[in-house]
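Q: Could you take me through the annotated binding site in this model, residue by residue, and then on to the aromatic pairs? I'd enjoy a close look with the cut-offs spelled out.

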Number of protein chains: 6
Amino acid sequence: MFLLSFVALTFSYLALAHEPSPLQDFCVADPNSPDFFFSGLHLMGNISNHLGSKVTPVFVTQLPGLNTMGISMVRIDYAPWGLNPPHTHPRATEILTILEGTLQVRFVTSNPDNRFITKVLQKGDVFWGLFISNAMWVMDMLWLLLAFSSQNPGAITIGNAVFGANPAIPADILAKAFQVDKSVVDQLQAKF
Amino acid sequence: MFLLSFVALTFSYLALAHEPSPLQDFCVADPNSPDFFFSGLHLMGNISNHLGSKVTPVFVTQLPGLNTMGISMVRIDYAPWGLNPPHTHPRATEILTILEGTLQVRFVTSNPDNRFITKVLQKGDVFWGLFISNAMWVMDMLWLLLAFSSQNPGAITIGNAVFGANPAIPADILAKAFQVDKSVVDQLQAKF
Amino acid sequence: MFLLSFVALTFSYLALAHEPSPLQDFCVADPNSPDFFFSGLHLMGNISNHLGSKVTPVFVTQLPGLNTMGISMVRIDYAPWGLNPPHTHPRATEILTILEGTLQVRFVTSNPDNRFITKVLQKGDVFWGLFISNAMWVMDMLWLLLAFSSQNPGAITIGNAVFGANPAIPADILAKAFQVDKSVVDQLQAKF
Amino acid sequence: MFLLSFVALTFSYLALAHEPSPLQDFCVADPNSPDFFFSGLHLMGNISNHLGSKVTPVFVTQLPGLNTMGISMVRIDYAPWGLNPPHTHPRATEILTILEGTLQVRFVTSNPDNRFITKVLQKGDVFWGLFISNAMWVMDMLWLLLAFSSQNPGAITIGNAVFGANPAIPADILAKAFQVDKSVVDQLQAKF
Amino acid sequence: MFLLSFVALTFSYLALAHEPSPLQDFCVADPNSPDFFFSGLHLMGNISNHLGSKVTPVFVTQLPGLNTMGISMVRIDYAPWGLNPPHTHPRATEILTILEGTLQVRFVTSNPDNRFITKVLQKGDVFWGLFISNAMWVMDMLWLLLAFSSQNPGAITIGNAVFGANPAIPADILAKAFQVDKSVVDQLQAKF
Amino acid sequence: MFLLSFVALTFSYLALAHEPSPLQDFCVADPNSPDFFFSGLHLMGNISNHLGSKVTPVFVTQLPGLNTMGISMVRIDYAPWGLNPPHTHPRATEILTILEGTLQVRFVTSNPDNRFITKVLQKGDVFWGLFISNAMWVMDMLWLLLAFSSQNPGAITIGNAVFGANPAIPADILAKAFQVDKSVVDQLQAKF
């Protein structure tokens with residue numbers, strides 16, 4: 001039991017080191033174990049939330065067999081006008097393709113340009129992700145598949161990290177950082 | 001001409017270096033250029049061939065914007081009883097999910113075990129690829145999406161490399177390597 | 001044309017610079033050239049701005065000799081109550097030490113915890129940076145030195161990327177992303 | 001002139017991607033332990049087998065002290081007309097030199113070219129291995145030394161993996177993969 | 001207890017593998033623990049020794065939280081005419097800036113050139129270190145800050161390694177290596 | 001016992017961090033060009049010099065085809081009592097085997113231990129190199145083959161770098177660094 005968790009630990013920390021060349025064929029003893037594959041990515045995620053979108057990840061947490069494989073996959077569902085709020089992935093690049101629907105992808109380049117770029121993707125279009133915060137906005141029912149160059153890409157959702165931290169970042173600091181009245185920050189923090 | 005090969009070289013070196021952390025947001029000057037995204041992955045590949053399968057790659061060759069991104073995507077279509085012959089990818093791990101149909105994935109572990117493992121995948125199942133030759137066999141019409149942890153994963157198709165090399169590997173060598181009569185090798189080479 | 005390939009080249013050099021072991025002693029022909037060293041990090045930055053802080057970077061842009069060295073240095077000055085607004089570095093870890101003054105460092109962990117952590121640093125304290133957005137707030141005149149594990153760590157300043165993008169991200173998208181009234185977003189965008 | 005500097009540049013970037021950098025001098029407690037060195041590579045391997053060749057590896061399995069050193073060494077002996085059957089190393093590049101005899105090295109490039117290249121090596125010639133399957137064929141008694149850029153390069157011997165898997169890959173699949181009659185596959189599988 | 005040391009072990013070995021992209025935000029359970037930050041780098045080191053210099057490191061040994069962060073910091077103090085003897089860092093590049101005083105930095109390039117380069121650095125000058133042995137010589141009271149691209153850069157001080165090894169390298173070998181009379185070596189070894 | 005196996009485990013996974021993965025089969029256009037292979041490693045080097053040893057390298061400089069292969073090979077010849085003076089390789093680990101003769105290998109660990117370790121190697125013994133300066137001393141005629149985990153491992157020969165720099169390091173600095181009379185340094189510098 002302990003040995004297993006130890007091995008798991010070792011593997012997961014090693015994952016980055018292993019890209020792109022794992023030293024073994026696979027890391028699970030039994031190819032018939034649930035650690036070895038994952039089921040259900042064809043199922044639509046529950047999009048009945050205020051954002052109208054749902055991410056279904058298949059990271060090393062969901063599929064332990066990905067340990068040392070340096071890759072993972074994700075399904076994202078959107079309701080019409082659904083949104084994937086501004087976020088960034090600190091540990092991976094991504095590639096995606098539209099399975100159904102139309103997606104207006106928006107992203108912003110890093111400092112100093114902070115250039116805002118937008119593109120409408122149709123079914124079958126392939127797009128690759130960036131390291132910077134990006135917002136996605138859909139025009140109709142949509143789902144897509146996305147892959148990451150890491151078994152554990154991580155994510156920082158701007159709203160949650162800045163306005164939904166626990167405990168909260170003092171409002172006066174954010175007021176100064178965003179150059180707005182503290183009451184504006186209060187409204188933002190109230191939502192997270 | 002020289003510039004092209006030079007750029008090609010540069011790219012390949014880049015690919016080595018960038019994993020897992022590209023140093024820039026993207027490598028194309030114009031996000032509206034065709035280098036920046038790819039269209040048509042929703043289109044079924046032409047499976048009317050003797051293997052009954054078709055691979056549609058989106059590597060750095062098809063989508064130059066993937067340069068330094070360390071990731072790529074592929075669509076594979078199969079006819080009923082279609083086959084993706086034994087092959088190996090020297091430069092990447094892979095992850096796939098079944099969009100439609102049922103796939104019987106088969107693979108063999110590397111030396112010394114050469115353990116043969118097989119698994120039937122249904123729609124929505126996620127499976128990750130190995131570094132060793134594997135054969136896929138489908139039970140009905142199928143398509144899937146696959147991602148690689150490299151912008152240029154490469155491939156060695158056993159049959160083509162061994163029996164279809166150009167010029168041909170002398171039959172007597174292969175006869176000794178596979179411990180069969182030269183006529184058996186002749187039959188194999190005749191097909192490639 | 002040449003400029004483009006030059007830029008491409010530059011990227012490739014940078015991308016490789018992350019490896020711990022450069023292949024040459026240095027990358028400049030003349031150790032007496034300005035490319036080889038940098039002067040003036042002892043000079044206080046101009047902190048007369050609304051944030052009351054100033055970053056003076058010594059990245060590969062300022063010191064070309066850093067090329068392939070995978071490291072860089074920064075000076076940051078703060079006015080009393082100065083602020084370094086929430087930001088993240090996509091390509092590096094950081095380490096810093098306080099030369100003068102008292103710094104209240106604040107940071108938030110990545111998803112799903114978004115744990116808010118704060119610590120007061122005195123002169124001589126050493127702290128190391130994280131991959132996630134963090135806000136710094138000082139109690140008095142301060143300056144510090146900071147090093148990055150990259151010659152070009154990059155930065156995403158949340159406010160600038162989200163509310164100061166150019167052109168602006170449509171206010172209705174941000175209103176939905178942050179679950180506030182569009183007028184709140186208008187106030188935020190008006191400042192960037 | 002430009003070409004030279006270009007090549008020089010290219011090399012230095014490349015090398016960056018390749019450099020290993022262990023974090024300690026060595027990984028064994030006792031430099032006098034058998035883990036620390038290996039004896040007997042001067043001894044000829046037993047070549048009385050149907051291939052007329054014998055590989056004597058010094059990998060991390062044989063020499064635990066190689067741990068984290070990212071390198072290993074191998075001796076190969078050949079009888080006249082001995083053969084090292086088609087194989088590939090998934091995790092390393094190799095370099096070899098002929099100590100005695102003449103070796104006709106043959107290899108095939110990866111897809112799509114599958115270009116067949118052959119070269120006759122004399123005593124003292126140095127050759128470096130590729131990532132693709134290659135067959136070696138000797139004209140007389142020979143031995144050579146080979147080093148890998150990995151402590152555990154791994155190997156996939158085509159014949160064993162494809163025709164000697166355990167349990168066997170169904171003959172009908174291989175028959176389709178290699179486009180031959182099932183009886184041909186039966187002959188091949190019978191040998192492994 | 002054991003688990004902690006186990007994790008620490010795992011992390012420290014992993015550190016190089018993770019540069020430049022750790023897989024987690026940080027490696028300590030408690031941000032208030034002493035593992036998380038370090039105090040006292042503002043304190044002058046004790047320079048009352050025969051070299052007139054003192055190195056105060058903040059490596060992973062002193063600041064366990066640096067584990068997997070791939071970076072570290074050092075303070076060096078010099079008495080007037082103090083010296084940092086010839087040494088090399090096998091596992092990192094370095095960058096430094098002068099906080100007070102004037103430093104004459106001297107270094108030698110690797111084989112075959114062994115080019116000797118010297119430069120006088122004033123307060124505020126930034127210089128980056130090389131992989132080769134270098135001697136520093138100061139003209140007056142000085143202190144500086146230095147960062148390494150590794151949490152454990154390591155060091156080989158030529159004098160200590162060659163003339164101060166324990167047990168001693170036989171004097172006749174060093175006499176031949178340095179082409180001097182054994183008595184010269186005896187004098188050198190007597191000092192270490 | 002468990003701890004040992006745990007350490008072994010950790011190490012073996014780490015080795016992966018070292019392994020590069022070239023993105024192409026090879027980097028030369030013409031496999032028949034001299035760039036593609038090297039001849040003459042069977043020829044004894046000229047050992048009629050004061051050290052009684054000769055290094056014959058096959059690095060990327062001698063064999064351009066090694067480009068991106070991350071490996072290289074070297075032959076070293078020794079006269080009886082020949083010596084390879086103290087040196088270090090900043091960019092590679094090494095592995096060697098004795099082809100003929102007896103070699104007494106000596107090396108010193110890095111700071112702080114500077115532990116001196118020596119071992120007598122016979123024909124057929126395999127030994128792997130460290131990152132620190134080491135002296136080799138032979139008892140009779142000898143030659144060996146050595147491989148590096150880099151296409152360009154580099155070398156710093158202590159004597160040449162410290163006492164043979166060009167221009168010379170001022171004798172008074174070295175006198176202080178090695179704590180000896182300036183006349184001792186003069187004798188040392190006179191030889192290089």
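A: Happy to. According to the UniProt annotation "binding site", from an unreviewed entry, the positions concerned are Asn84(A), His89(A) and Glu94(A); UniProt positions follow the numbering used here, feature names are shortened, and annotations may be inferred rather than shown by experiment. This is a predicted model, in which local features need pLDDT of at least 70 and side-chain atom pairs count only at pLDDT 80 or more, while totals for chains, interfaces and linings use all residues. Residues are numbered from 1 along each chain as its sequence is written, chains are lettered from A and ligands numbered from 1 in the order in which they are written, and side-chain values use heavy atoms, with hydrogens and water left out.

Asn84(A) sits in strand S3 (residues 83-88) of chain A; helices (H or I, at least four residues) and strands (E, at least two) are DSSP runs, numbered from the N terminus. Asn84(A) counts as buried because its relative accessibility is 11%, where buried means under 20% relative accessible area, exposed over 50%, and partly exposed in between (1.4 Å probe, protein chains only). His89(A) lies in the loop between S3 and strand S4 (94-100) of chain A, and with 9% relative accessibility His89(A) is buried too.

The setting for these residues is chain A, with four helices and ten strands. Along the sequence, the pattern of chain A is α-β-β-β-β-β-β-β-β-β-β-α-α-α. Of the 192 residues in chain A, 69% are buried.

Now to the aromatic rings. Rings of Phe, Tyr and Trp (its six-membered ring) pair if their centres lie within 6.5 Å; planes under 30 degrees apart count as stacked, over 60 as edge-to-face and the rest as tilted. Over all chains, the count comes to 36 aromatic pairs. One of them is the edge-to-face pair of Phe192(B) and Phe178(D), at 6.5 Å centre to centre and 70 degrees between the planes. This pair crosses between chains, from the segment after helix H4 (182-190) of chain B, where Phe192(B) is found, to the loop between helix H3 (171-177) and helix H4 (182-190) of chain D, which holds Phe178(D). Phe192(B) is partly exposed at a relative accessible area of 31%, whereas Phe178(D) is buried at 1%.

Finally, one aromatic cluster is formed by Phe163(A), Phe178(A), Phe192(A), Phe163(C), Phe178(C) and Phe192(C).
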